[in-house]
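Have a look at the model first, then read on.

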Amino acid sequence: MYKYIFILAFFSTYLFSNSTTILSAANLKFFFEDLTKEYNKQYPNDKIDVEFDSSGNISDQILKGKNYDIFLSANMTYPKKVYNNNKSATKPKKYTTGALILLISTHKGLSNSKLDILKDDEIKEITIANKKTAPYGVAAIQALKNANLYDKIKSKLYYSTNASNIIGDVLWYGHVGILPKSAINSLPRGYNMEGENWIEIDQKLYDPIVQGYTLSEHGIKNDVSNRFIKFLLSDGQKIFKKNGYK
């Protein structure tokens, strides 16, 4: 009898919890708090628990059994991988499209030089996201190759698993970084001038960074998860656009 009550209580808590667990691509970290604040204006009793990592690392963790409700990836490939391995209940769907910027601490004429500035001998290190686990790293390499720059500057390339670390390398050590456009609103005052500190990289140089989501078996039964996804695809889009997404 007690065993039955315990099991019933466990599943009641599991199925009717007022929270959702989200595993999110790191590029959303810069403004995710804005999303949750706006969401909680509509649903003040809902709790959003989120962990950030590269999309590749997240998919590997899910395949190894990590629990989650929503997986917000930086591309469509990793949620497809999760779905194809029966670790999600929904086919991946798009929620936004990202963009790349080139960030430098300060350099007059950046708006004219654009990516060619990377050939400057004074630039010793160019930090990008890890191409093995981060879609934005893949896009950065693709952009450099299509701009006919990769072979000329590949010896300067360094890889990071965290976009915040890329910003630190640029601002503190004078390096150059290629990172998500969403980082702009997190830059300190005096380091966020378009054309001087950063430029958007021509989107014709890389494939569209289409970001996709998927829900787990638990997530699709979770009211909070479904409400949050609905918000993300509606009112949340204003916040995405404000932070450089389409």
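## Salt bridges

There are eight salt bridges in the structure, which is a predicted model. One of them pairs Lys66 with Glu51, whose closest N and O atoms sit 3.3 Å apart. That pair ties together distant parts of the chain, 15 residues apart: Lys66 belongs to the loop between helix H3 (55-63) and strand S3 (70-72), while Glu51 is in strand S2 (residues 47-53). Lys66 is partly exposed at 28% relative accessible area, and Glu51 is partly exposed too, at 40%.

Lys181 and Glu200 make a salt bridge as well, with 2.8 Å between the closest N and O atoms. Here the link again spans distant parts of the chain, 19 residues apart, from the loop between S8 and S9 (Lys181) to strand S9 itself (Glu200). Glu200 is partly exposed, with 30% relative accessibility. Then there's Asp49, which meets Lys47 at 3.8 Å, N to O.

## A covered strand

What about strand S5 (residues 100-104)? Five of its five residues are buried. Leu100, Leu102 and Ile104 point one way, Ile101 and Leu103 the other way, and all are buried.

S5 runs antiparallel to strand S8 (residues 176-180), joined by five bridges, with Ile101 opposite Leu179. S5 also pairs in the antiparallel sense with strand S9 (residues 198-200) through three bridges; there, Leu102 has Ile199 as its bridge partner.

Lys132 is exposed, at 68% relative accessible area, and sits in the loop between strand S6 (126-129) and helix H6 (135-146).

Key:
Residues numbered from 1 in each chain as written. Predicted model: local features only at pLDDT ≥ 70, side-chain atom pairs only at ≥ 80, totals over all residues. Heavy atoms only, no water. Helix = DSSP H or I, 4+ residues; strand = E, 2+ residues; numbered from the N terminus. Buried < 20%, exposed > 50% of the residue type's maximum accessible area, 1.4 Å probe, protein only. Pairing = 2+ DSSP bridges. Salt bridge = Lys/Arg side-chain N within 4 Å of Asp/Glu carboxyl O.
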